[in-house]
Amino acid sequence: MADGLSIPGVTDRYKTNDLVEALMETERVPLKREQEQLEKYQDQQAAWRDMNQKMSSLRESVKSLYSFENPFNNKLATSTEESAVTVEAGRNADFGVFKLDVLQPATADRFLSDNINKDMKVEAGIYTFSVGDKTVEFNWRGGKLNDFVTALNKRGNNIIKASLIGVTSKEKSLMIESLKTGKENRLVFKNAALDFAKEIKMISPSKENVISFPSSVDSFSSPSIQDTSSNLPVLSKNDVTSDGKTITIPSRNGIEIPIPENIRNAENPKIEFIFQTKETEDITKSLNNTAPKETLVLPSPGFIEYRGVTVLNEQSITALSLEDEQEENIQPIAPINDDSYIFVKNTDGSEVEIDSQSIFNDGNTTKISIYLTDYPDAESIVIRNNNTGKEFSLSVPEATCNSESTGFEPNHAITVADDAKFKYEGITLTRSTNDIDDVIPNVTLHLHDKTDKTAIINIDPDTESAKDALITFVGKYNQTVAEINILSSNKPEIISELDYLSDEEKAKEEKRLGMFQGDFSLSNSKTQMQNILSANYPYLDNADITMLNQIGISTNASGRTSGYNASQMRGYLEVDESKLDTQLQENLSQIKDLFGYDSDGDMIIDSGIGYLLDKHLTAWVQSGGIISTKTTSLDSKIKASNTKITKLETQLDSKEAELKRKYASMEGSLNSLESQQNSINNFTNSLNSNKNR
């Protein structure tokens, strides 16, 4: 009797609990009805939230098709030598193809020490390391090598890094490396760091070598590339002189100075010489006065021999002599003033004029500094005096190696700081980093290694990302339409047609089938979306693509011509991938305009499939929109229903307590009467018993 009447010593002889429960069951009908209504409100609210999620997801997909970051502007950059160079193309990059040769990637200083004892103690001091204009400095109190490395790395600040390499069980090698590439970012040791680096033989005083070129004219050769467009004599070294210190090159002379092999193989070689020019009498004056006149010489007339008889031909008679013809056509030789003097000849025979950065002018004297790292294929230096009124003089070239040393050079360099060198469309360029974004607008080059052959870089439209975005849009649209169909119709086949749903998901959807059948706002929304998708958008007078079905997306993209098709009737979209691929390749820009374009010239997109769908969906999902209004209304109904349920439950509790009290009183009275009756019966029986005695 835990849930019914509980009267000590009294059993439920009269079934009062059942009577109370039967009466309360009738009383609970309004409560159950209200609870069912509350559950219905809650299910409807959950359904609207699911619809909001589907529409919001579709809206995001639609917005991405016409916004600034739409996939139709994406560029795809490919390299035929991806192990050496990779490319990133920005959205504003121009389509095209270009050639790139990586001569060398940018490198950073990475120095190793000699083998050192792993238990070595690093002395206290101020340790200073600099890389370019950045400095790392800390006060080391002395301690173990491992602790020193840890302390240095904590303060490295992405400038330098140290690590220990186990050489043997008892010995290690310390590597200190710069984290910045480029020739200008040399790793320099100062203060206690310099003493420590020398102690572990990571560096030693530099031994700068100066190598002189041969100075005799016999060691030179005449320029191999000649200009034959003028009547002047070809360039040669015939009149070139050398006194062992200065080389003199008169007008219309030139020399090719071979670069010795030991210089070409040296580290960071720099070739220097002093170059001067001097005005002289123009040789064209004497050449024009002494132009040679040739005599007409006719070829032999020949002969014929037949059966031992030889017949000689007569010499031809001409009416015009060569001398007369020359007198009429000869033109005076014009003076030449050419500012292109110095070239570097490569091993393939091509010549490159030295750039302006190699020339330093100081009055009438010019200093030439040629870094061979800028000309990795250099074979010789060509001095070409094309001028007819100038004389060149230059000091015998000298090469200095390790000229960029800071007074010390590494003993065990893994790599040495140097700039990246590459050729873009045949133009040699240098940069201090391997990530280069200032050569091609909106394109970033990532250099990794030297190219074995010329890399062909292609900047193409990224049709795959555009296709993925369109297919994603179709999928989200179909999910939204399926949600509308389920909520606005009570046909079970709508759910069975959705093959992508699991059995559990289908059972869940069946409970929601036709939930908003009487709400025409959903079916109207579906109709509006279908109208947007099927409309014509003539954004240009000569546009070829103005409708969605022209790119292979429609309710009948598969091309069915007869029979009933459920997906077409329900409004689901299909994709003809072959047709879509073709259109993306041929009409990408027009497909972009199909989803969003400016119709009135104010530079703001105001029409197109994407724009109009976004506008329609925004009215549903925005704060204060259609779905928000419906869920807010349901919130009020749910709140009122909860209040009513609470009130009914309170009334039912009071009613049940009252019934229990009344029936308990009644049962008590009955029990009391029964007890009195038993007492009377016992008394009567007692009297009868006494009489019988």
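Figure 1. Together with Leu670 and Leu673, Met666 makes a nonpolar surface patch of about 250 Å². Patches consist of residues with over 30% relative accessible area and no salt bridge, like charges being joined within 9 Å and nonpolar side chains (Val, Leu, Ile, Met, Phe, Trp, Tyr) within 5 Å. Accessible areas come from the Shrake-Rupley method with a 1.4 Å probe, and for residues only the protein chains shown count as cover. The model is predicted: local features need pLDDT of at least 70, side-chain atom pairs count only at pLDDT 80 or more, and totals for chains, interfaces and linings use all residues. Residues are numbered from 1 along each chain as its sequence is written, and side-chain values use heavy atoms, with hydrogens and water left out.

**Figure 2. Overview of the protein chain.** The chain contains 16 helices and 36 strands. Of its 693 residues, 39% count as buried. Its accessible surface comes to about 38,900 Å², and 47% of that area belongs to carbon and sulfur atoms. Among contacts (heavy atoms within 4.5 Å) between residues at least 6 apart in sequence, 72% join residues at least 24 apart.

**Figure 3. The salt bridge between Asp581 and Lys467.** The side chains of Asp581 and Lys467 form a salt bridge with an N to O distance of 3.1 Å; the criterion is a side-chain nitrogen of Lys or Arg within 4 Å of a carboxyl oxygen of Asp or Glu. The pair links distant parts of the chain, with Asp581 in helix H13 (residues 577-586) and Lys467 in helix H8 (residues 463-488), 114 residues apart. Asp581 is partly exposed at 31% relative accessible area, whereas Lys467 is buried at 9%. Leaving aside neighbours within four places in sequence, Lys467 is in contact with Glu577, Leu580, Asp581 and Leu584.

Figure 4. Leu580, Gln583 and Leu584 are the buried residues of H13. These residues lie on the same side of H13, because they cover an arc of only 100 degrees around the axis; the arc is that of the directions from the helix axis to the C-beta atoms. The buried residues of H13 pack against H8, strand S36 (574-575) and helix H14 (588-595). Exposed residues Ser578, Gln585 and Glu586 are carried on the face turned away from the buried side of H13.

**Figure 5. The buried face of helix H3.** Helix H3 comprises residues 145-154, and its buried residues are Leu145, Phe148, Val149, Ala151 and Leu152. Seen down the axis of H3, these buried residues fall within an arc of 165 degrees and therefore line one face of the helix.

Figure 6. The chain has 25 salt bridges by the stated criterion. In one of them, Lys345 pairs with Glu256, the closest N and O atoms being 3.3 Å apart. This pair links distant parts of the chain: Lys345 lies in strand S21 (residues 342-346) and Glu256 in strand S17 (residues 253-258), 89 residues apart. Lys345 and Glu256 are both buried. Lys421 forms a salt bridge with Asp418, and their closest N and O atoms are 3.1 Å apart. Lys421 is buried at 2% relative accessible area, and Asp418 counts as buried at 7%.

**Figure 7. Thr168 in the loop between strands S10 and S11.** Thr168 is found in the loop between strand S10 (160-166) and strand S11 (171-178). With a relative accessibility of 42%, Thr168 counts as partly exposed. A polar atom of the Thr168 side chain lies 3.0 Å from the backbone nitrogen of Glu171. Thr168 and Asn117 are 51 residues apart along the chain, and their C-alpha atoms are separated by 9.5 Å.

Terms used. Helix = DSSP H or I, 4+ residues; strand = E, 2+ residues; numbered from the N terminus. Buried < 20%, exposed > 50% of the residue type's maximum accessible area, 1.4 Å probe, protein only. Polar contact = N/O pair within 3.5 Å; in protein donor to acceptor, adjacent residues only side chain to side chain.
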